[in-house]
Amino acid sequence: MTEQATSVGYERQAYDVVIVGAGGAGLRAAIAAHDAGARTAIVCKSLLGKAHTVMAEGGIAAAMGNVWPDDGWQVHFRDTMRGGKMLNNWRMAQLHAQESPDRVRELEEWGALFDRTPEGLISQRDFGGHRFARLAHVGDRTGLEMIRTLQQRAVALGIDVFMECTVTRVLLDQSGGEARVAGAFGYWRESGRFIVFDAPAVILATGGIGKSYKVTSNSWEYTGDGHTLALEAGARLLNMEFVQFHPTGMVWPPSVRGILVTESVRGDGGVLRNSEGRRFMFDAIPEFFKSETADSEEEADRWYNDKKANRRPPELLPRDEVARAINSEVKAGRGSPHGGVFLDIASRHDAEYIQRRLPSMYHQFKELADVDITAEPMEVGPTCHYVMGGVEVEPDTAQSGVPGLYAAGEVAGGMHGSNRLGGNSLSDLLVFGRRAGLNAAYYVGRVSRTGSRPQVDPEDVRRAADAALLPFDGVGDENPYAVQHDLQDVMHSLVGIVRRQDEMEEALVQIEKLRERVRRVTVEGHRQYNPGWHLALDLRNMLRVSECIARAALERTESRGGHTRDDYPMTDHDWATVNLVCRLADPSAGEAVEVVRQPLPQMPAELRSLFEEK
Amino acid sequence: MGYDITMRVWRGDAGGGALQDYVVDVEEGEVVLDAVHRLQATQVGDLAVRWNCKAGKCGSCSAEINGRPRLMCMTRLSTFEAGETITVTPLRTFPVIRDLVTDVSYNYEKAKTLPAFAPVPRDADGNYRMAQVDVQRGQEFRKCIECFLCQTVCHVIRDHDDNKPAFSGPRMFLRYAELDMHPLDTNDRRRLAKDAAGLGMCNITKCCTEVCPENIKITDNAIIPLKERVVDRSYDPLVWLGSKIRRRDQRSEPPPTPPPTTR
Ligand SMILES: Cc1cc2nc3c(=O)[nH]c(=O)nc-3n(C[C@H](O)[C@H](O)[C@H](O)COP(=O)(O)OP(=O)(O)OC[C@H]3O[C@@H](n4cnc5c(N)ncnc54)[C@H](O)[C@@H]3O)c2cc1C
Ligand code: SF4
Ligand code: SF4
Ligand code: FES
């Protein structure tokens, strides 16, 4: 099947559905597309099983009701919408809440071994923003269990995987008037050779953007590739101003700054204290959550065993609230020695319990920070963790505005509104990964029946190859690592947790300068496994996404969820029904991103009534 | 607070290469991977290295540090003597692609040869029921982050490429053991053990267990029980069926020893 084209030299492969990304969303999509009869391929930048999903710790949110029979999809739906400050796409939130229990059970059928309740059912743990203990988990390595299960299933089904292969362009067929997907272009990291996939459907499952920030829990892969691929193919990005800073990242030593400390520490009873020993979260309960949050330590402590008669501890407020509170505590001079606050579980549980419930946290602190979390508190502070913004998709099918282009997982937007609840990502991957896979396969079926499979334009392939080789042409003396470092500084200090108009305007100026510098990047060496070259290409995507974040954040003159403004500190009713959408004015030529306002879809009355009781 | 260290890093590709000396400026609390990254960012931009999580969770950054297979992200610089040269080389058992990156496809190919998990039907209410004690055994094995350090250290294949076709390695034995002990799996357990490719070539040196960053007791908890199954019982479908059924309703008990079978 492989053939060599003459001019640029590339390998060629043909599939029905090509999935870009092998995290939870990509793998689940592949399984679904395969099961629906499509010839399916997965492409990923790292080795199979190393995607971000492997790092997820706490659990998968699903209202199975194994621990609290009162739980159900309506409660989960309500929690999700409230956590997102009502800016979520209601239909996505509904599908997610309804379907996640089945998606979790399905993992068991494929070999997953979740922790159990005494009755032998899947155990569920507490997490921020969730009214009931709802996260299916395996100690604090749930993501590993999930990715391994899906990976082993995909291997058993014989799905083709192209590992260490980076997609740099979605190829379109423009011949029929409306542009539609024709395939994808990429390069093998190992050899630097190009590869062209002919495929009527492409599913983006590329994850997030966190590598544009200085302090982050995200890996080198999170350069916003899928976001950029979608924009450049003519699709639109939604909610890009909302970036989640997880309240608890490690702060010391500098080498591990940003590495995640799972929310399960708080779910399992850990509390936050400032340098004066005070549980400062009691001073930071916002009006919106007052009625459901404990106002005394006694009530908070009783909640772990009796959720009906007591309200939730403030440490388990949604992440945006906790991150902001930590930020202010540190600014007020009540932080820990290395600029964080204290997270204490040692005084709350015995060592055996902590080691059993949080083995990888125990290991991580012991090995990397010389801290024994069963005996002393951890030092933690906010870290860039997740992007709520992403490709705008049709909720039921996961299709973007471009026929044949789908998106699922962190790269898709809408589901989490302005702030994601912990545990809702892993379930999102399963629910919408499956929907994307099925619908992409159905779409290809329809295309095949009409006998009009799209064709890749060789001219597009040549352009994509030229763009990929640009950094070798050596017109400047910029080092890609230095440019990346400076971009991370800009985003961290000017478009970070707390934002201001003048700073964001400055960020946009800086981003423009960085774009100039990227044009002058020259890489050493040759095309074989050359990280400098890979980064030079990724940088373009990081700039694109950073620009979207800054522009949308500048436009939204209020504070909500993962978007906090110093100059507009209040949540504004007028903004409650507005989504911001980023698109390229002219995808084929334009660099310029434009931001447009669009009304939020209104939820039907029967769902709205869920918010009126109590 | 920064200080300098000397590093020797293997650079080259399938055609050959050599150790190169570098002086790298590092900070307190850093790990070997930080030093490699600093080298990459400031001195040799095309230095090839794999990594993802930087927290010992993904198993990407495996290399040999002063001859010992380890994760670069979990090896603190403070564990070396002041002035000690830190030598970083690619995993020896797998073919080099470039610098510290090796071709680990052997492991992915072996994974394809495993029988798929095949569960019993669900209970009437759509759930599976398993006791925590029963899942715990498999959970130990499923902690594996696929760093392949155990694979690279195993002497059966470390310097013997010719053994690779017949031998799947400790990582895969773990998978066989996991299926074997999975409370829901219906694969024929005896045959699983028998088919665990090349199990007989393992002579229980325990080197794999020693390097496992997840502290999985690969030899004691996976390989030895599997071996026992192969040596002292031959396949008898009736006995197997019996043990399977009893196992399902007595889940916290180890499987009963079947009566000696005809040989
Ligand atoms: C430390 C940590 C802990 C977390 N804990 C939890 C938790 O407990 N619960 C929860 O619900 N969520 C958690 N999250 C969030 C959640 O893990 C992620 O949002 C989720 O795993 C993203 O999955 P994904 O499938 O969208 O993408 P990923 O798993 O990140 O996969 C992205 C894939 O896309 C590939 N890719 C990217 N760009 C390209 C390209 N250009 N070409 C080819 N391939 C490409 C990558 O190689 C990778 O395979 C956590 C996140 C982190 C970082
Ligand atoms: S115990 Fe067996 S599998 Fe492990 S290293 Fe020794 S020979 Fe290899
Ligand atoms: S068993 Fe241990 S050493 Fe082997 S691959 Fe898994 S984690 Fe690595
Ligand atoms: S980078 Fe993930 S284990 Fe080292």
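**Ligand shells, a buried serine and the nonpolar cores**

Starting with ligand 1, one of its oxygen atoms sits 2.9 Å from a polar backbone atom of A:K45. In this predicted model, local features need pLDDT of at least 70 and side-chain atom pairs count only at pLDDT 80 or more, while totals for chains, interfaces and linings use all residues. Residues are numbered from 1 along each chain as its sequence is written, chains are lettered from A and ligands numbered from 1 in the order in which they are written, and side-chain values use heavy atoms, with hydrogens and water left out.

Nitrogen atoms of ligand 1 come up as well: one is 2.9 Å from a polar backbone atom of A:V167, and a nitrogen atom is 3.3 Å from a polar backbone atom of A:E57. The protein covers 98% of the 1,000 Å² of accessible area that ligand 1 has on its own (Shrake-Rupley method, 1.4 Å probe). Two or more shell residues are given by each of α1 (24-35), β8 (165-173), β16 (378-387) and α12 (424-449) of chain A; these are DSSP runs, with helices being H or I of at least four residues and strands E of at least two, numbered from the N terminus. Helix α12(A) gives the largest share, four residues. Around ligand 1 there are 40 residues, of which A:T53, A:G58, A:E221, A:Y222 and A:D225 come nearest (a residue is near if one of its heavy atoms lies within 4 Å).

A:E221 turns up again at A:S46, whose side chain makes a polar contact with the side chain of A:E221 at 2.6 Å (N or O atoms within 3.5 Å, one able to donate a hydrogen and the other to accept it; residues adjacent in sequence count only if both atoms are side-chain atoms). Across to chain B, the A:S46 side chain also makes a polar contact with that of B:N52, at 3.2 Å. A:S46 is placed in the loop between β3 (40-43) and β4 (60-61) of chain A, and A:S46 is buried at 5% relative accessible area (buried means under 20%, with a 1.4 Å probe and protein chains only).

As for packing, the largest nonpolar core has 244 residues, of which A:L405, A:V495, B:V32 and B:M72 touch the most other members (a core is a set of buried Ala, Val, Leu, Ile, Met, Phe, Trp, Tyr and Cys residues joined through side-chain atoms within 4.5 Å). Helix α16 (residues 531-555) of chain A supplies the largest share of this core, 13 residues. Apart from it lies another core of nine residues, including A:W90 and A:F611.

Notes: Buried means under 20% relative accessible area, exposed over 50%, partly exposed in between (1.4 Å probe, protein chains only).
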